[in-house]
Amino acid sequence: MPPADPLQEIESLREQLDSWNYRYYVLDEPSVPDVEYDRCMQRLLQLEARYPQSQRADSPSQRVGGQPLQQFRQVAHEVPMLSLDNAFSAEDMVHFNRRLLDRLSDGSDSLEFACEPKLDGIAVSLLYRDGLLQRGATRGDGATGEDITHNVRTIRSIPLRLRGGDCPTVLEVRGEIYMPRAGFEQLNARARERGEKTFVNPRNAAAGSLRQLDARITASRPLEMCCYGVGLVEGGVLPDRQASVLARLRDWGLKINPESAVVRGIDACNAYFDALALRRDSLPYDIDGIVFKVNELALQERLGFVSRAPRWAIARKFPAQEEITRLLDVEFQVGRTGAITPVARLEPVFVGGVTVSNATLHNSDEIERLGIQIGDSVIVRRAGDVIPQVVSVVLEKRPDSARAIQFPTRCPVCQSAIEREEGEAVWRCMGGLVCGAQQKAAIKHFASRRAMDIEGLGDKLVEQLVDEGLVDNVAGLYVLSRPQLLNLERMGDKSADNLLAALDASKQTTLPRFIFALGIREVGEATARNLARHFGNWAALASATEAQLLQVDDVGPVVADHLRQFFDSEASMAVVASLQQAGVSWPDIARQPEQDTPLAGQVWVVTGKLEAFSRDEAKARLQELGAKVAGSVSAKTTCLVAGPGAGSKLARANELGVEVIDEQSLLSLLATHGVDI
């Protein structure tokens, strides 16, 4: 469904990205993972391209950092800077190798690969003309980056003039700018001495250093660059092997990674990966995987590309990072649906680039499965941006003072009874709206960006509003007055006015967002979209029978029951009525006959890891276009969407000759047909 008001969404995205930029680059307080930032930026770029009349010089797509950076100009890459597909196991590498050999079909039983550590830094492009550094640019979205020439010139490992006289007339060098661990520690030590905020990790420090208006600040930071390839080349000839190209770059004065190697066969690739994984923590810089490239450039050309990634290269990521620490205590949190979740309070430990002091224990069954006790030494895992979790107990280190974890018999917040429904693993508080924790969680969910998107209504403010008795349900937000807000601690005139303006702006929403914002159990974004598309308006949805609800994609008996319980609840419907009386509204959705949808009659399958949204959300968007989304690949499959980590389904699709696309192609398809991403 196209946005109800795309120009309004563009402004909302700009405000959100500006806020994140300010926290990341100015305050050095990153508040969201990179993938979330990239997702919003890609959405903004798509909308600005679709509605060129909305483009402004002060859009985040035209600048870097939290303040207008007019000195930074956008530059188009002469040759796109592509991303890489990912592998997560030795088996994935075997599938990658098989695809290469099948595509080449020349009788080869092994290939030569160039192996390079995947540095955890910032990808950049350096453009040399007649041997002189002319421009430095960030990768950006792959097609367009930011001109950071004045900053890259300060990095000592980047030559201002190439050595020797045999370099091409035009040479574009690709590489990674990063901050070594020792330099990172020294930078943070100086910050601590001055009472300043420290950086989160070396990558965060490198990114902030490159995006300084004052190049003297960049010059003071311990940045380095390693080259991994070339882009545009004119007026010269390069060697015919990837490794030889890197050697030539080194001869011209550019730094390459000393751990780079050439091996033959996929078994040797996996052995190289295993060997470097053992040395990972002893390296002087952070790496998050290994990049493998077919070494012969002629074969690279024959293999070609899939959308925005080369077929001839892959990045094998390291597994989830784990550390050992001690369980100090267990606290029990109450969610918006009353779920009681045990949270482990840990002795702080550095895992996966961050200091972890809390981890989820999921539920009472998980506590029993782990056999965990307070005081135990435990292994904590953090994979990327996933919430840290306790994966096992080191029983041989259990102290005599260890004690069993006592799961509560009553709600830890409101003391209401807790119950566990048959077939569920979760205990729930039965207090409902009487429970302050559920009130707070419901309001936080309602105000979140993907729900009503109420800018400025953060968690701490929600806590205050409920604790002060000003709000006890989401409808109460829209009757807040300026005097009430000004009486709150740390609430000034401007903050109060901004919040009231944000509340007023949120009244104009969409039906899918509103359904999702209500926080009905088991109704996520994808299900909310399907419900809105199927019924078209709120009245039809609220009056639907369970049988009618079951006709909606992704709605089974459990979800249908939760929906009917919500609609049959006088208290819940009174809140909806109050929201509508306060002016919250949305346009109805025109129901489109299935035969008129672009993908009607087609069968799609989604596999692997997606970044812009979950597989379920991808499924819902494909269903919006009329596709049937299956769980397995067969001869009837029209297309397979394969993200990183795709395994047997991808292999099966290749065997059957089924069309395979990546996530970027899916995003382009959705954008073409006006589906909200």
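Helices here are DSSP runs of H or I with at least four residues, strands are runs of E with at least two, and both are numbered from the N terminus. Before going on, a word on what you're looking at: this is a predicted model, in which local features need pLDDT of at least 70 and side-chain atom pairs count only at pLDDT 80 or more, while totals for chains, interfaces and linings use all residues. Residues are numbered from 1 along each chain as its sequence is written, and side-chain values use heavy atoms, with hydrogens and water left out.

Let's stay with helix 24 and look at its other end. Aspartate 662 sits in the loop between strand 26 (659–661) and helix 24 (663–672). What does aspartate 662 do at the N-terminal end of helix 24? Aspartate 662 caps that end, with a side-chain oxygen 3.3 Å from the backbone nitrogen of glutamine 664. That falls under the polar contact rule: a pair of N or O atoms within 3.5 Å, where within protein one must be able to donate a hydrogen and the other to accept it, and residues adjacent in sequence count only if both atoms are side-chain atoms. Aspartate 662 counts as buried because its relative accessibility is 10%; buried means under 20% relative accessible area, exposed over 50%, and partly exposed in between, using a 1.4 Å probe and protein chains only. Within helix 24 itself, Glu663, Leu666, Leu667, Leu669, Leu670 and Ala671 are buried. As a reminder, an α-helix has 3.6 residues a turn, so residues three or four places apart point the same way.

Strand 26 runs parallel to strand 25, joined by three bridges, and leucine 640 has valine 660 in strand 26 as its bridge partner. Strand 25 is also parallel to strand 23 (residues 603–607), this time through four bridges. There, tryptophan 604 is partnered with cysteine 639 of strand 25. Pairing of two strands means that DSSP finds at least two bridges between them. Which way do the side chains of strand 25 (residues 639–642) point? Cys639 and Val641 go one way, Leu640 and Ala642 go the other, and all are buried. In a regular strand the side chains alternate between the two faces of the sheet.

For antiparallel pairing, go to strand 3 (residues 112–119). Six of its eight residues are buried, so strand 3 is largely enclosed by the rest of the structure. Strand 3 pairs in the antiparallel sense with strand 9 (residues 261–264) over four bridges, and alanine 114 stands opposite valine 262 of strand 9. Strand 3 also pairs with strand 10 (residues 287–294), again antiparallel, over seven bridges. In that pairing, phenylalanine 113 has valine 294 of strand 10 as its bridge partner.

Now for the greasy parts. A nonpolar core is a set of buried Ala, Val, Leu, Ile, Met, Phe, Trp, Tyr and Cys residues joined through side-chain atoms within 4.5 Å. The largest one has 54 residues, and Ile454, Leu477, Leu531, Trp538 and Leu579 touch the most other members. Several helices each supply at least two residues of this core, including helix 12 (436–447), helix 15 (493–506) and helix 21 (570–581). Apart from it lies another core of 32 residues, with Leu162, Met179, Met225 and Val245 among them.

Leucine 579 touches Phe446, Val474, Ala475, Tyr478, Phe514, Leu518 and Val584, leaving out residues up to four places away in sequence; contact means heavy atoms within 4.5 Å. Leucine 503, in helix 15, touches Ile454, Leu477, Tyr478 and Leu480 under that sequence cut-off. Leucine 503 counts as buried because its relative accessibility is 5%.

What about the cysteines? The whole structure has zero disulfides, a disulfide being a pair of cysteine sulfur atoms within 2.5 Å. Cysteine 429 is in none, and its nearest cysteine sulfur, that of cysteine 414, is 3.6 Å away. Cysteine 429 is buried at 4% relative accessibility.

Finally, zoom out. The chain comes to 24 helices and 26 strands, and 49% of its 677 residues count as buried. Along its principal axes the C-alpha trace spans about 80 × 65 × 55 Å.
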